[in-house]
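Subject: Structure for your review

Dear colleague,

Please find below the structure that I am handing over to you. My notes on what was found in it follow directly after.

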Amino acid sequence: MTVLESYKTQLLEQAAQVGALKFGNFTLKSGRKSPYFFNAGLMSDGTILHTVAQAYAATLCAAASDDDTMANPFSDFDILFGPAYKGISLAACTTLVLASMHGRDVKFAYDRKEAKDHGEGGNVVGWPLGRNEKWRVVIVDDVMTTGLAASSAIKLVARQGGEVVGVVQLLDREEFSEIDEQGCKVSSVMKLETLLGGKGKVRSVLKMRDLVQWLEEKEAQGQTTDEEKRSLQAMREYRDTYGISSS
């Protein structure tokens, strides 16, 4: 088993320190009892925001370097779009890191919950004007539950005359959300990729498997707490019950 990437380890450690990543017993919107919970809204200080932005940027650049560049939506996009509200800071910070650390200059835009009726008006901020062809857009999301927020953002971008070519999310829980008519397990990521027209158009900074591996690496080094040891076993059982394979 390969060692977890350093930016993932750093992000998980800091997320746990600020309480954004918690282990225990949590009831999700779906009603499922989860042994862990990730709240991106608690990642609100400069240190962890920098770490998060570096992780998003690293994920985007890794996706852009995939071999199949002709069909790679992340190798050439114009705008990073952050849906209100959590996506705004995530997209802004990531745009900054892409330019300062990776030499990749893209635009940044976001929406308002309510349209502005004065000044420039509208409910989208930072959208560039001009150019006849469609702007190619990547949406930044935090933790996808139903995929509704990303789906709404896709429709909003289309109304602006843009085309969403990909989505990058903070965490893929790697679990199914429903069973289709053929009896196959379907996740929110799979549904969103179908909407976008192709597998691989949704990328994740972290996956549930990364959380498990992080705890396993800590356990091997004798650094896990009793709660983390219990949570590790509970996460394995949760994965066996609700898990779904993802690329």
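The largest nonpolar core of this predicted model has 46 residues, and those with the most contacts inside it are Leu21, Phe38 and Met43. Helix H2 supplies the largest share of this core, with nine residues. Apart from this core lies another one, of 20 residues, which includes Trp135, Val137, Val164 and Val167. As a general background, nonpolar side chains tend to be buried together in soluble globular proteins.

Leaving out residues up to four places away in sequence, Leu21 touches Leu12, Ala15, Ala16, Tyr36, Phe37, Phe38, Leu211 and Trp214.

Helix H2

Helix H2 has 19 residues. From its first C-alpha to its last, H2 reaches 27 Å, close to the 27 Å expected at 1.5 Å a residue. Which of its residues are buried? They are Ile48, Thr51, Val52, Ala53, Ala55, Tyr56, Ala57, Thr59, Leu60, Ala63 and Ala64. The elements that cover these buried residues include H1, E3, H3, strand E6 (136-143), E7 and E10.

Helix H1 and its contact with H6

Helix H1 (residues 6-17) packs with helix H6 (residues 208-220) at an angle of about 85°, and the two axes are 11 Å apart. Because an angle of 65 to 115 degrees counts as roughly perpendicular, H1 is roughly perpendicular to H6. On the H1 side, the contact is made by Lys8, Thr9, Leu12, Glu13 and Ala16, and on the H6 side by Asp210, Leu211 and Trp214. The residues of this contact divide into four nonpolar, one polar and three charged.

At 1.5 Å a residue, its twelve residues should span 16 Å, and the end C-alpha atoms are 17 Å apart, which agrees. The buried residues of H1 are Lys8, Thr9, Leu11, Leu12, Gln14 and Ala15. These buried residues pack against strand E1 (21-27), strand E2 (33-38), helix H2 (46-64), strand E7 (163-172), strand E10 (202-207) and H6. Just after H1, Gly19 takes a positive phi of about 85°.

Val205 is found in strand E10. Its relative accessibility is 0%, so Val205 counts as buried. Leaving aside neighbours within four places in sequence, Val205 is in contact with Tyr7, Lys8, Leu11, Ala55, Tyr56, Thr59, Val168, Gln169, Leu170 and Asp210. The C-alpha atoms of Val205 and Gln160 are separated by 27 Å, with the two residues 45 residues apart along the chain.

Ala153 lies in helix H4 (residues 148-159). With a relative accessible area of 5%, Ala153 is buried. Apart from its neighbours within four places in sequence, Ala153 is in contact with Phe81, Pro83 and Ile139. Ala153 and Val164 are eleven residues apart along the chain, and their C-alpha atoms are separated by 8.8 Å.

Val106 is found in the loop between H3 and strand E4 (107-116). Not counting residues up to four places away in sequence, Val106 touches Phe77, Asp78, Thr95 and Leu98. Between Val106 and Lys29 there are 35 Å in space, C-alpha to C-alpha, and the two residues are 77 residues apart in sequence.

Backbone details in the loops

Two further points concern the backbone. The peptide bond from Ala84 to Tyr85 is cis, with omega near 0°. Tyr85 has its place in the loop between strand E3 (79-82) and helix H3 (86-102).

Glu174 has a positive phi of about 50°, although Glu174 is not a glycine. Where does Glu174 lie? Glu174 is in the loop between E7 and strand E8 (178-179). At 9% relative accessibility, Glu174 counts as buried.

With kind regards

Methods. Residues numbered from 1 in each chain as written. Predicted model: local features only at pLDDT ≥ 70, side-chain atom pairs only at ≥ 80, totals over all residues. Heavy atoms only, no water. Axes fitted to C-alpha atoms, helices over the stretch in contact; angles between N-to-C directions. Helix = DSSP H or I, 4+ residues; strand = E, 2+ residues; numbered from the N terminus. Parallel < 35°, antiparallel > 145°, perpendicular 65-115°, else oblique. Contact = heavy atoms within 4.5 Å. Nonpolar A, V, L, I, M, F, W, Y, C, P; charged D, E, K, R; others polar. Expected span 1.5 Å × (residues − 1). Buried < 20%, exposed > 50% of the residue type's maximum accessible area, 1.4 Å probe, protein only. Core = buried A, V, L, I, M, F, W, Y, C linked by side-chain atoms within 4.5 Å.
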